[in-house]
Amino acid sequence: MIEARHLRVLRAVASTGSFSAAGRELGCTQPAVSQQMKALESSVGTPLLVRTGREMRLTQAGEALVRHAAGIIAGLTAAEEEVAAIAGLRAGRVRLVSFPSGSSTLVPTALAALRAAHPGTRVSLEEAEPPKSVELLREGDCDVALAFRYEGAAGAEEWDDLVVRPLLTDRLVALVPERHRLARTEGSVAIGELARESWIAGCPRCRGQLVEVCEGAGFTPRIDFATDDYPAVVGLVGAGLGVAVLPQLAVESVRPKGARTVALEPAVRREIVALTLPDLAQVPAVTATLDELARAGARQPAAR
């Protein structure tokens, strides 16, 4: 019989490449990892690893088991949580992954409400941008992933295997220095009016969307600075070093000192969602987390 703890060890060995590295990741000793791997190989009746010096290589059977491990572990987690809820245990654990502007706006409101309603539910938080956050969910390394995608972008089917909970629609805005000629414009500004500006770009996905929108308006932006850190983007704009296009949610997460936001035409929006696996969507703690994230999204100014 295959045990879930052995599958977790196998995944750790496959991802790190050695028993000692897997032990560090799992918080146990190298001999303990070795013993659990021997027990797993004994259970399945075939070698799962080929040991060549200090390196570990998966056999064909090992590759097959690792491929199925994430779904198996997610299913077991769902079963454990649901059984605990049925038995009357007011407890749960949710591993949440979010992109930075979601972490500073949606997540605090949602988790504060969740703690007040369900004090026994524990939530951990890590940060990752999509598509990395979605990969973590599919690999079984988190239970809920906050992600976004731009309206009209290719790959709308990329979440077809997941449960998608819409949170809000976030509009992109231009960010210009407060002394910029367009800083006090009432109404919207065509993005083409910024064609000759120096640009400060954000995360890789937002950067790609910026280039696509600008090229659609007939120009290629001259990107002088690029950073994943939204406060850094705001600081560079505020210092007069260029202009930027940021999601409204990102602007709300920082104080734009020395910079002003301007509405853009054509309107560019991104859909912000919470994702989980179908099995995990049945877990009460996960459902409660999704509900609170949806309520937090509805209260955001960007959603109105």
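This is a predicted model: local features need pLDDT of at least 70, side-chain atom pairs count only at pLDDT 80 or more; totals for chains, interfaces and linings use all residues.
A search of the whole structure identified two cavities of 30 Å³ or more. The lining of the largest cavity is formed by Leu172, Ile191, Gln209, Leu210, Val213, Val245, Leu264, Glu265, Pro266 and Val268. Of these residues, eight are nonpolar, one is polar and one is charged. Both α7 (204–216) and β11 (259–265) supply at least two residues of this lining, and α7 provides the largest share, three residues.

The second largest cavity holds about 30 Å³ of space. Its lining consists of Ile73, Ala74, Thr77, Arg95, Leu137, Gly140, Cys142, Asp143, Leu277 and Leu280. Helix α4 (residues 60–86) makes the greatest contribution to the lining of the second largest cavity, with three residues. By class, six nonpolar, two polar and two charged residues line the second largest cavity.

Helix α1 was examined for its length and burial. This helix comprises 13 residues (residues 4–16), and its end C-alpha atoms are 18 Å apart; this agrees with expectation, because a helix of this length should span 18 Å at 1.5 Å a residue. The buried residues of α1 are Ala4, His6, Leu7, Val9, Leu10, Arg11, Ala12 and Val13. In an α-helix there are 3.6 residues a turn, so residues three or four places apart point the same way. Gly17 follows α1 and has a positive phi, near 90°.

Definitions and conventions
Residues are numbered from 1 along each chain as its sequence is written. Side-chain values use heavy atoms; hydrogens and water are left out. Helices (H or I, at least four residues) and strands (E, at least two) are DSSP runs, numbered from the N terminus. The expected span of a helix is 1.5 Å times one less than its number of residues. Buried means under 20% relative accessible area, exposed over 50%, partly exposed in between (1.4 Å probe, protein chains only). On a 1 Å grid over the protein atoms alone, a cavity is a set of points where a 1.4 Å probe fits but cannot get out, and a pocket is an open set with protein on both sides within 12 Å along at least five of seven lines; lining residues have an atom within 4 Å of a point. Grid points are joined across faces, edges and corners, and a volume is the space filled by probe spheres set on the points. Ala, Val, Leu, Ile, Met, Phe, Trp, Tyr, Cys and Pro count as nonpolar, Asp, Glu, Lys and Arg as charged, and the others, Gly among them, as polar.
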